[in-house]
Amino acid sequence: RSSMSSSDISVSVYWMTQSSGGIWCARRCILRLAPSAPLAPLAPRFDSVRLIISDVDDTLAPPFRDISAPLAHALTRLVGNGTILFLVSGQSVENIERRVVRAFPRPLRRNILVGHCHGAEVFGYDSAGWRVIPPLFSIRESAELAGVFGKVLTLVTGVLSDHGIAMSSPGTLLEDRGVQVTVDFPALGDSPADQIGRASCRERV
């Protein structure tokens, strides 16, 4: 988790260590970086960090904004040292790639995993920095979910239609992410004029 000010950036790094007796312990350390200062080599205590699991929005970057260059630089040092960075977010994989993954050099992206739509699918990257298809994990592989996404999409569209909200209405957005259907719509019952200026409510199915 990061916090930013005009003078520095603080990065909280969490990791797990295992004792000789097999007991796992949580560890935490705070890095403070001056954006204008050159980055020093990794401290020895970070050499053993093998995995970082992180949210994206309000953790690595503000919602709908890209990761900052200094923070991307700091994480690049960790990833370049062999640490696996696992990004888990409710956003789509395209959104996460555009805002975070593209900030890393292509050869290092092989050490990045992306769990989009709250981890419904997990993607990795090859040595050239391209997303690997098919995903490493997908809830689509579950037989119980066969055909469920099409039914959910039909159900959501029907509910909006029942309330007189067309998909072309101002402030209304229906996005089918394959493993998640995201609907943004104005408060029901408002006039079209009120809907334009009102913050949308988000429903995820």
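**Exercise 1.** Decide whether Glu97 is buried or exposed in this predicted model, and find its salt-bridge partner.

Solution. 
Step 1. The relative accessibility of Glu97 is 12%. Buried means under 20%, so Glu97 counts as buried.
Step 2. Glu97 forms a salt bridge with Arg131, and the closest N and O atoms are 2.8 Å apart.
Step 3. Glu97 belongs to helix 2, while Arg131 sits in the loop between strand 7 and strand 8. The two residues are 34 residues apart, and the pair links distant parts of the chain.
Step 4. Arg131 has a relative accessible area of 27%, so Arg131 is partly exposed.
Step 5. Arg131 also lies over the face of Phe123, at 5.3 Å from the ring centre.

**Exercise 2.** State how many salt bridges the whole structure has, and describe the one formed by Arg99.

Solution. 
Step 1. Searching the whole structure gives 2 salt bridges.
Step 2. Arg99 forms a salt bridge with Asp57; between their closest N and O atoms there are 2.8 Å.
Step 3. Arg99 is part of helix 2 (residues 93–99) and Asp57 is part of the loop between strand 4 and helix 1, so this pair ties together parts 42 residues apart in sequence.
Step 4. Both Arg99 and Asp57 are buried.

**Exercise 3.** Give the strand order of the open sheet and say which strands stand at its edges.

Solution. 
Step 1. The open sheet has 5 strands in the order 4-5-6-7-8, and the pairing is mixed.
Step 2. Strand 4 and strand 8 are at the edges. Each has a single partner strand, so one side of each has no neighbour in the sheet.
Step 3. Inside this order, strand 6 and strand 7 run antiparallel and are joined by 3 bridges.
Step 4. Gly115 has Val122, in strand 7, as its bridge partner.

**Exercise 4.** Examine the backbone at Asp58, His118 and Pro134.

Solution. 
Step 1. Most residues other than glycine have a negative phi, and most peptide bonds are trans.
Step 2. Asp58 is not a glycine, yet its phi is positive, about 60°. Asp58 is in the loop between strand 4 (51–54) and helix 1 (69–80). Its relative accessibility is 54%, so Asp58 counts as exposed.
Step 3. His118 also has a positive phi, near 60°, and is a residue other than glycine. His118 is in the loop between strand 6 (112–116) and strand 7. At 52% relative accessibility, His118 counts as exposed.
Step 4. The peptide bond between Ile133 and Pro134 is cis, with omega about 5°. Pro134 is in the loop between strand 7 (121–123) and strand 8 (137–138).

**Exercise 5.** Count the aromatic pairs, and name the ring that Arg106 lies over.

Solution. 
Step 1. The number of aromatic pairs in the structure is 0.
Step 2. Arg106 lies over the face of Trp130, and its distance from the ring centre is 4.1 Å.

**Exercise 6.** Find the average pLDDT of the chain and the stretches where pLDDT is below 50 over residues 1–7 and 188–205.

Solution. 
Step 1. The average pLDDT of the chain is 74, and 55% of the residues score at least 70.
Step 2. Residues 1–7 have a pLDDT below 50; this stretch has 19 contacts in the model beyond near neighbours in sequence.
Step 3. Residues 188–205 also have a pLDDT below 50, with 30 contacts in the model beyond near neighbours in sequence.
Step 4. Where pLDDT is low, the predicted coordinates should not be read in detail.

Definitions and conventions:
Residues are numbered from 1 along each chain as its sequence is written. This is a predicted model: local features need pLDDT of at least 70, side-chain atom pairs count only at pLDDT 80 or more; totals for chains, interfaces and linings use all residues. Side-chain values use heavy atoms; hydrogens and water are left out. Helices (H or I, at least four residues) and strands (E, at least two) are DSSP runs, numbered from the N terminus. Buried means under 20% relative accessible area, exposed over 50%, partly exposed in between (1.4 Å probe, protein chains only). Two strands pair if DSSP finds at least two bridges between them. A salt bridge is a side-chain nitrogen of Lys or Arg within 4 Å of a carboxyl oxygen of Asp or Glu. pLDDT is the predictor's confidence in each residue, from 0 to 100. Contact means heavy atoms within 4.5 Å. Rings of Phe, Tyr and Trp (its six-membered ring) pair if their centres lie within 6.5 Å; planes under 30 degrees apart count as stacked, over 60 as edge-to-face and the rest as tilted. A charge sits over a ring if NZ of Lys or CZ of Arg is within 6 Å of the ring centre and within 35 degrees of the ring normal.
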